[in-house]
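Please open the structure in a viewer and keep the selection tool at hand.

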Amino acid sequence: MQEIKCPKCGEVFVVDESGYAQIVQQVRDKEFEKELKQREKEFEELRGKDLELLQMKQKAEFDRVLSEAVQKKEKELSEKEAEITALNNRLSNKETESQLKEQSLQKEFEDKLKLKDEQIEYYKDFKARQSTKMVGESLEQHCLNQFNSLRMAAFPAAYFEKDNDARTGSKGDFIFRESMEGVEFISIMFEMKNEMDETATKHKNEDFLKELDKDRREKGCEYAVLVSLLEIDHELYNNGIVDVSYKYEKMYVIRPQFFIPMITLLRNAALNSLKYRQELEVAKHQQIDILHFEENMNTFKEGFARNYRLASNKFKTAIDEIDKTISHLQKTKEALLSSENNLRLANNKAEDLSIKKLTKNAPMVKELFDEMKKEKDAD
């Protein structure tokens, strides 16, 4: 039995075990339900706060991503606008540049055409004022004056003189040579040609190329240049430097105004290859040294081989003589060995000799020896 006191009135009740258990169960159920409702309420409140916090975080993340996307797009748009602007500017500059270039080329062409016409007129007038004999000489003097005016500034170490060597039957007009550190790196044979407009027989530039090539080779020059006022109206020769190396090696035809530029052009090209020419010269000397070394080596080898053959022949002769001597000594040895054997046999026979054997078939000798023995014994 259990006593239960009422918390309000203070009256005490007595209940059995089953009744008490029921009352306790009821109380527990009510408390549990109350607790459960309280927990549910707290959970709902907590979930509401978490949901609100999560929504706030999601909103903040969305705002951040949205902001970055907007900034990226704005940057891309800005870059595209800048690129479009730059392309437009470049296009505009190209058009302007193209127009300026076209104008510049046109002006340059017109200036060159004007200069060419002026030069043609100048040389026509130049020739008209000269006698037939003096025309060629004046062109040579003109080129010489041009060179001398620049000699000390541009070509201080160069050789440029008239070709006066006619031993081979012909000669050019001028020879240009230049060396550095003992190595010649450029040489040019020049021929100057001109004639009066009134001359009956008109020459062509091609008429002189073969002879010029011959002079270049005989004088040991690398290049040949024909400075010509012939065929004054020929468009090919009036356009600039004409390379005729397809017909004659390293040969050019020029008008007088290209005389100095031609020298400068060939000289600068040769200077670029000077290092290789110097290395080639060193290699050539080294090759000569190697050839001398090989010649000395071959001489030594030939002398050594000759001495070896002589010594080998004498050595063979000596070997043959030694072999003969050995053969002779061998025969002598065999003879001595044979003599020794005979002496041994003779000695054996001598040792085996006795009076009995000596007197075997000589009774009188035996009696003589017997008497001698008796006398000896008697003594």
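**Salt bridges and other stops**

The structure holds 12 salt bridges, a salt bridge being a side-chain nitrogen of Lys or Arg within 4 Å of a carboxyl oxygen of Asp or Glu. This is a predicted model, in which local features need pLDDT of at least 70 and side-chain atom pairs count only at pLDDT 80 or more, while totals for chains, interfaces and linings use all residues. Residues are numbered from 1 along each chain as its sequence is written, and side-chain values use heavy atoms, with hydrogens and water left out.

Begin with the whole protein chain. The chain contains eight helices and eight strands; these are DSSP runs, numbered from the N terminus, with helices (H or I) of at least four residues and strands (E) of at least two. Of its 379 residues, 22% count as buried, where buried means under 20% relative accessible area, exposed over 50%, and partly exposed in between (1.4 Å probe, protein chains only).

Next, select aspartate 111 and lysine 107. These residues form a salt bridge whose closest N and O atoms are 3.1 Å apart. They are separated by about one helical turn, because they lie four residues apart in helix 1. Aspartate 111 is partly exposed, at 40% relative accessibility.

Remain on helix 1, which spans residues 17–128, and select leucine 66 within it. Leucine 66 has a relative accessible area of 43% and is therefore partly exposed. Together with Phe62 and Val70, Leu66 makes a nonpolar surface patch of about 280 Å². Such patches are made of residues with over 30% relative accessible area and no salt bridge; nonpolar side chains (Val, Leu, Ile, Met, Phe, Trp, Tyr) are joined within 5 Å, and like charges within 9 Å.

Move to helix 3 (residues 209–218), where arginine 217 and aspartate 213 are four residues apart. Their side chains meet in a salt bridge of 3.0 Å, N to O. Aspartate 213 is buried, at 9% relative accessibility. Which residues are linked with Asp213 in a network of salt bridges? Select Arg216, Arg217 and Glu249 to display the network with Asp213.

Then select lysine 193 and glutamate 191, which form a salt bridge with the closest N and O atoms 3.3 Å apart. Glutamate 191 counts as buried, at 10% relative accessibility.

Where pLDDT is low, the predicted coordinates should not be read in detail.

How values were computed: Accessible areas come from the Shrake-Rupley method with a 1.4 Å probe; for residues, only the protein chains shown count as cover.
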